[in-house]
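Subject: Structure handover

Hello,

Here is the structure for your files.

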Amino acid sequence: MFETLKEPSPDAILGLVKMYREDPREAKIDLGVGVYKDATGLTPVMRAVKAAEQRIWEVQDSKVYTSLAGDPAFADAMVSLVLDDAVPRNTVAAIATPGGTGAIRQAFELIQNINKDARVFVSDPTWPNHLSILSYLGIEAVSYRYFDNETRGVDFDGMMQDLKAARKGDVILLHGCCHNPTGANLNSAEWDAVIKLLQDSGATPMIDIAYQGFGDGLEADATATRKLVAAVPEALVAASCSKNFGIYRERTGILMAVSKNTDAQSLHQASLAFLNRQNFSFPPDHGSRIVTTIMDDDDLRQDWMAEVEAVRLGMLGLRTQLAAELQRLSGSDRFGFIAQHRGMFSRIGTTPDKVEALRVEHGIYMVGDSRMNIAGLNAQTVPILAQAIVDVGV
Ligand code: LMR
């Protein structure tokens with residue numbers, strides 16, 4: 001039976017990790033996968049995470065199952081972190097999932113279970129795995145214009161025109177902050193217009209928020225999500241703890257289904273828990289317990305927030321340095337967008353052959369669509385990257 005298996009399409013982001021590891025050159029720079037690296041190139045365990053793990057080790061006396069939805073305290077902590085008090089807690093059904101990707105997968109399956117003809121509107125471009133999972137599940141993905149390759153900002157008029165095709169029963173997938181892969185984000189007035197469009201069309205919003213804290217700060221990055229869930233009758237929110245808690249391999253995420261229909265809240269909660277049971281039964285617990293331990297302790301939470309803020313400011317500093325260096329070397333302001341983008345990524349908006357030239361000639365790895373991970377840089381590698389970008393003629 002296995003002989004009928006076909007080679008799966010390679011994952012563009014994960015394929016780069018392998019190529020980078022196999023490159024024997026000393027002077028190589030990894031700007032591929034979205035993983036935070038400090039100035040020395042390491043992805044450290046955050047201080048609060050270490051402290052929380054120690055506490056868990058000391059007090060945990062059983063590894064018995066939690067519940068299908070995960071530990072309820074984790075859901076409370078995450079609803080509070082992402083949504084704060086935008087909506088009453090009893091309007092949110094939530095399940096812990098294996099990472100943000102797990103939350104996205106569960107959300108798509110839920111959508112399909114509810115409406116087998118649902119279409120999911122996705123930004124062009126979006127995180128490639130959104131498209132891959134949709135296609136795997138046989139859900140129709142409809143692209144809406146998003147990135148303007150000239151300005152390297154959002155093509156907001158194009159986006160709104162394309163979203164007019166969405167109707168009740170469809171889902172519009174939005175990135176809550178720090179758009180992946182472009183780094184170009186909606187401003188507050190644009191979010192208001194999207195909310196109005198959702199209200200008028202009756203389409204359901206789904207927010208993917210995987211980088212809260214890496215753009216304009218933990219609170220600012222959640223503002224649009226909070227405003228949106230408060231303004232529409234129903235919404236899905238998939239959040240990840242991989243990046244802002246730095247617990248990538250623990251697979252910690254959450255799917256929230258917000259509905260103003262509080263009478264149906266227990267049905268929504270049961271439906272989500274059932275989905276977990278069908279796919280993997282109980283969600284992983286260790287990462288979510290770390291998050292809850294941090295969020296429920298004032299000292300740990302303050303320390304974690306300070307570390308996230310330092311990470312954010314470090315990335316902003318690298319953006320400013322790179323934009324200035326490119327301005328100096330190219331004598332033009334056309335790279336100013338790098339300082340305007342927010343989050344871990346910027347799409348520099350160049351062709352695949354120039355991305356390849358950066359890799360082959362300069363040992364600089366970025367995703368083929370010209371997405372670079374800003375956190376893969378440091379003060380010493382910024383000038384090297386800037387020179388290489390100018391040399392290959394971006
Ligand atoms: C990324 O976009 O690089 C991350 O979300 C990692 C991944 O799984 O693709």
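**Backbone and helix notes**

R152 sits in the loop between strand 5 (147-148) and strand 6 (153-154); helices (H or I, at least four residues) and strands (E, at least two) are DSSP runs, numbered from the N terminus. This is a predicted model, in which local features need pLDDT of at least 70, side-chain atom pairs count only at pLDDT 80 or more, and totals for chains, interfaces and linings use all residues. Residues are numbered from 1 along each chain as its sequence is written, and side-chain values use heavy atoms, with hydrogens and water left out.

Most residues other than glycine have a negative phi, and most peptide bonds are trans. The phi of R152 is positive, near 60 degrees. R152 is buried, at a relative accessible area of 16% (buried is under 20%, exposed over 50%, partly exposed in between; 1.4 Å probe, protein chains only). S370 also has a positive phi, about 75 degrees, and lies in the loop between strand 12 (364-365) and strand 13 (371-373). S370 is buried, at 0% relative accessibility.

- D124 to P125 is cis, with omega about 5 degrees; P125 is in the loop between strand 3 (119-124) and helix 5 (128-137).
- N180 to P181 is cis, with omega near 25 degrees; P181 is in the loop between strand 7 (171-175) and helix 7.

Helix 7 (residues 188-201) packs with helix 8 (residues 223-231) at about 25 degrees, axes 10 Å apart. Axes are lines fitted to C-alpha atoms, for helices over the stretch in contact, and angles run from 0 to 180 degrees between N-to-C directions.

Regards
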